[in-house]
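Please keep the sequence and the structure in view while reading.

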Amino acid sequence: MPTQLHPEPTSKTSQLPKENKQTLAPPPRSSWRNWPTAALIVALVVAHVVALRETEFSFTALVDGSGGIMRFLSEALPPDLDWENVVKPGIEATGITLWIGLLGTTLSIPTSALLAVWGSRTTSPHPIVYQISRTILSFFRAVPDIVFALIFVTAVGLGPFAGVLALICHNTGVMGKLWAESIEEIDPGPSLALHTVGANRAQIVSNATLPQVSASLMGLLLYRFDVNVRSSLVLGLVGAGGIGLLINQSIKSFQFDAMMTHILIVLVLVVLVDTFSAVVRKRLAQ
């Protein structure tokens with residue numbers, strides 16, 4: 001019998017007409033889309049060049065002044081450890097610096113809290129109240145604490161009271177803004193639920209808003225306390241009392257060894273305050 005030839009099976013795809021397929025290359029990216037980044041880089045370079053020129057930044061001047069730095073260190077080291085004349089007054093003044101930072105932080109809580117509630121979009125009673133509160137916070141935040149200290153030194157005289165008043169004003173602006181931003185980030189659900197059942201604004205803030213942000217507000221308060229303790233050191237340089245005043249007097253009288261002792265005492269204070277703040281924040285996070 002003749003052998004019947006069976007055609008080989010062909011797939012459907014092989015029976016389809018072949019199309020000329022061309023690989024399309026991605027369109028070239030327009031160079032004009034990169035101009036904002038290029039313009040930003042150029043602007044930053046120009047700004048740095050101008051800043052270096054206007055501030056008279058010079059590595060040569062730094063190298064030439066290294067001799068003066070070495071003479072300063074030779075006079076500052078070793079520090080003066082005279083207990084009666086240096087160490088004891090330094091510890092007492094450091095305590096005043098700590099109390100200035102503490103009062104400047106805690107006494108600003110009422111005004112900061114009130115302006116934070118009024119200056120938050122979620123809790124402000126009216127847009128006009130919101131704008132006024134934000135303007136007050138911006139003013140207190142924009143004026144440096146050392147400028148407030150100079151003003152209050154003129155008003156109430158030299159001493160730590162002027163430093164406390166300066167920190168209250170500046171800290172109100174900074175802490176109020178931080179608290180207002182924290183309040184704006186809360187979940188609006190509990191507040192809407194209380195509003196639905198007829199709660200007034202004060203009840204909503206006390207029962208829905210504050211419980212959600214209490215941990216965040218306490219953490220920000222500890223952070224500002226840490227900052228204010230160091231700021232109170234600077235305020236002493238303009239007559240607001242504390243260890244900064246002794247450092248300023250030591251520099252003016254060229255007693256650099258006593259100045260170094262006071263700086264070391266400040267270092268101990270800053271480490272203790274940092275440790276205390278870290279421990280409290282850790283407890284709050286648990």
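Glutamate 181 counts as partly exposed because its relative accessibility is 31%, and a residue is called exposed only when that value is over 50% and buried only when it is under 20%. The model discussed here is predicted. Glutamate 181 takes part in a salt bridge with lysine 177, and the closest N and O atoms of the pair lie 2.4 Å apart. Lysine 177 has a relative accessibility of 22% and therefore also counts as partly exposed. Both residues belong to helix α9, which covers residues 160-184; because they are four residues apart in that helix, about one helical turn separates them.

How many salt bridges does a search of the whole structure find? The search finds three, and they are listed in the table below.

| Salt bridge | Closest N and O atoms |
|---|---|
| Lysine 177 and glutamate 181 | 2.4 Å apart |
| Arginine 230 and aspartate 226 | 3.1 Å apart |
| Arginine 53 and glutamate 54 | 3.7 Å apart |

The salt bridge between arginine 230 and aspartate 226 lies in helix α11, residues 201-235, where the two partners are four residues apart and so are separated by about one helical turn. Is aspartate 226 buried or exposed? Aspartate 226 counts as buried, because its relative accessibility is 9%, and the cut-off for buried is under 20%. Arginine 230, with a relative accessibility of 39%, counts as partly exposed.

In the salt bridge formed by glutamate 54 with arginine 53, both residues are exposed.

The report now turns from charged pairs to nonpolar side chains. Helices α3, residues 59-64, and α4, residues 66-76, each supply at least two residues of the patch.

Note on methods. Residues numbered from 1 in each chain as written. Predicted model: local features only at pLDDT ≥ 70, side-chain atom pairs only at ≥ 80, totals over all residues. Heavy atoms only, no water. Salt bridge = Lys/Arg side-chain N within 4 Å of Asp/Glu carboxyl O. Buried < 20%, exposed > 50% of the residue type's maximum accessible area, 1.4 Å probe, protein only.
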